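Please keep the sequence and the model in view while reading.

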Amino acid sequence: MKRARNLLFILTAMLAIAAGLASCGEDRWAGYAEQTKTDRWIDDTMRVWYYWREDIPGTNDLNYFTDPITFFRSLLSPEDGKGGTPYSTIDTLEAVTRSIPGTDHSYGMQFTTNRVEGNDTALYAHVLYVAQGSPAADAGLQRGDWIMQMDGRPITEQNYAALYGSSATTLTVGYYNAAADTIVAYAEPYPMAAARQVDDNPVHYRNIYERQGKRIGYLVYNHFSSGPTLEGAGTEYDDDLRQAFSYFASGGVNEFILDLRYNNGGQLSCAQLLATLLAPASALGQTLGYVEYNSRFNPRQASLSLDEALIGSGANLDLTTLYVLTSAQTASASEMLINCLKPYMNVVIIGGTTEGKNVGSMSFTNQELRVRMQPIVCKLYNALQASDYADGFTPDIAMDENADAARFLPFGNEDEQLLHTALSVIDGSWTANGQPAAFSLQTTPLVNSLSRRAGHSVCIDINFKFY
């Protein structure tokens, strides 16, 4: 009897194990089926829209059982991106939602991490700009400040990401002391509240200066977004841009400085609007440029115009010359704006060489599969069919804003390095040999927070109307 009971126990255990294995197999195959479904959707969409569709491997050479991100990357062309980093991207909807460009859950500041001469053990974070109404703004941080510690701890390559946004913290903040040629901490720490939803309006700063009888408008425009939503459905930011140009027009502006040094792209429609506000009045109604799709489309190109109807409550300034402040972060829609205005006006570039991104992307979202991808779908040309800035625009006046720590000042300060140069060029006082010598303190930027901002390529709305 005992032997029979043992046999029954063994048989029951074996059946349970078998059932468990079968269940695992079903789960595994269900996962494979879902993964294959996602990969097939990616493949089908890319073969229709991807600009370099001829470079996509044949279906027999693809593995439809790999995870979606790996599969997506297996489709990409060697022409896509630079330095081994493709411009085309893919992510889960959850990850995308956490990185909305206009309304970001953060402290509300952009910064670089820096290795500072004489300090080999820690990094300092240099504040590039602060969004209004953000925890960083409430704490009193401003452009040019140096964050030296967080909660009394040094900033390192392992913990600096907390500056993107985390819990409430206390910062040790410093300033550049020109007399000592070093960074000195303020006497009091800066308490900063926890990260929250922040409205990073791209119409960041505006002002009018008067020099030698000239009325000079100045606008800091930090990303091409029409409103604070992921898909750019709102128009709040566009309306603020129109209002800024109404302010410039009422102020009698006849020269203009556009600060795009931290603008790494965004929506094509916003670039079209800004170009229309800046262009000579005689150019209104003419072709701004062309968007070229892959060979599957006939015709391949769609035209884009300087459409006077876009101006609305704003104002066209009827400019003949535009001064643009740039850096290595200036990319995509910013470069498209420069390229497309060049046939109609004199564009003077001051600052650093731009990135060189002359292509545009489009967003494709599958709610069921919880995936959003943004592949490159087109190349961008101006009205003269020119698109020769893949290596970036070389500035007419090359200048590194980090070269002189004493002149890394808040936006609008007339002694701020790039703005001062542009104003001096306009009033005729600038000479190449007249630049002040930089101080000796050496700082080496390592990470720029702008590089993680979503929507940094020219984004084409799938329902965008071309004229």
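A residue is called buried when its relative accessible area is under 20%, exposed when it is over 50%, and partly exposed in between, using a 1.4 Å probe and protein chains only. The model is predicted, so local features need pLDDT of at least 70 and side-chain atom pairs count only at pLDDT 80 or more, while totals for chains, interfaces and linings use all residues. Residues are numbered from 1 along each chain as its sequence is written, and side-chain values use heavy atoms, with hydrogens and water left out.

**The chain as a whole**

- The secondary structure comprises eight helices and 25 strands; helices (H or I, at least four residues) and strands (E, at least two) are DSSP runs, numbered from the N terminus.
- Of the 467 residues in the chain, 51% are buried.
- Among contacts with a separation of 6 or more, 72% are between residues 24 or more positions apart; a contact means heavy atoms within 4.5 Å.

**Aromatic rings**

- A pair of aromatic rings is described by the distance of the centres and the angle of the planes.
- Rings of Phe, Tyr and Trp (its six-membered ring) pair if their centres lie within 6.5 Å; planes under 30 degrees apart count as stacked, over 60 as edge-to-face and the rest as tilted.
- The structure holds 21 aromatic pairs.
- One of them is the tilted pair of W49 and F364, with 5.7 Å from centre to centre and 45° between the planes.
- This pair links distant parts of the chain, since W49 belongs to helix α1 (residues 2-49) and F364 to strand β20 (residues 364-366), 315 residues apart.
- Both W49 and F364 are buried.
- Y247 and F248 also form a tilted pair, at 5.3 Å centre to centre and 50° between the planes.
- Y247 is partly exposed because its relative accessible area is 25%, whereas F248 counts as buried at 0%.
- W49, Y293, F297 and F364 are linked by ring pairs into a cluster.

**Charges over rings**

- A charge sits over a ring if NZ of Lys or CZ of Arg is within 6 Å of the ring centre and within 35 degrees of the ring normal.
- R261 lies over the face of Y262, 6.0 Å from the ring centre.
- R296 lies over the face of F297, 5.8 Å from the ring centre.

- The axes of helix α5 (residues 236-250) and helix α6 (residues 268-278) come within 11 Å and cross at roughly 10°.
- Axes are lines fitted to C-alpha atoms, for helices over the stretch in contact, and angles run from 0 to 180 degrees between N-to-C directions.
- Angles under 35 degrees count as roughly parallel, over 145 as roughly antiparallel, 65 to 115 as roughly perpendicular and the rest as oblique; α5 and α6 are therefore roughly parallel to each other.
- From α5, D238, L241, R242 and F245 meet C270, L273, L274, L277 and L278 of α6.
- The residues of this contact of α5 with α6 comprise seven nonpolar, no polar and two charged; Ala, Val, Leu, Ile, Met, Phe, Trp, Tyr, Cys and Pro count as nonpolar, Asp, Glu, Lys and Arg as charged, and the others, Gly among them, as polar.
- Helix α7 (residues 333-341) is mostly covered, as nine of its nine residues are buried.

- L319 is found in the loop between β16 (301-305) and β17 (321-326), and counts as buried at 1% relative accessibility.
- Not counting residues up to four places away in sequence, L319 touches N254, E255, F256, L278, A279, P280 and M345.
- V127 lies in strand β4 (residues 124-130) and counts as buried at 0% relative accessibility.
- The C-alpha atoms of V127 and S449 are 9.9 Å apart in space, although these residues are 322 residues apart in sequence.

**Backbone details**

- Most residues other than glycine have a negative phi, and most peptide bonds are trans.
- N298 and P299 are joined by a cis peptide bond, with omega about 0°.
- D151 is not a glycine, yet has a positive phi of about 50°; D151 is partly exposed, at 40% relative accessibility.
- S332, also not a glycine, has a positive phi of about 60°, and S332 is buried, with a relative accessible area of 0%.
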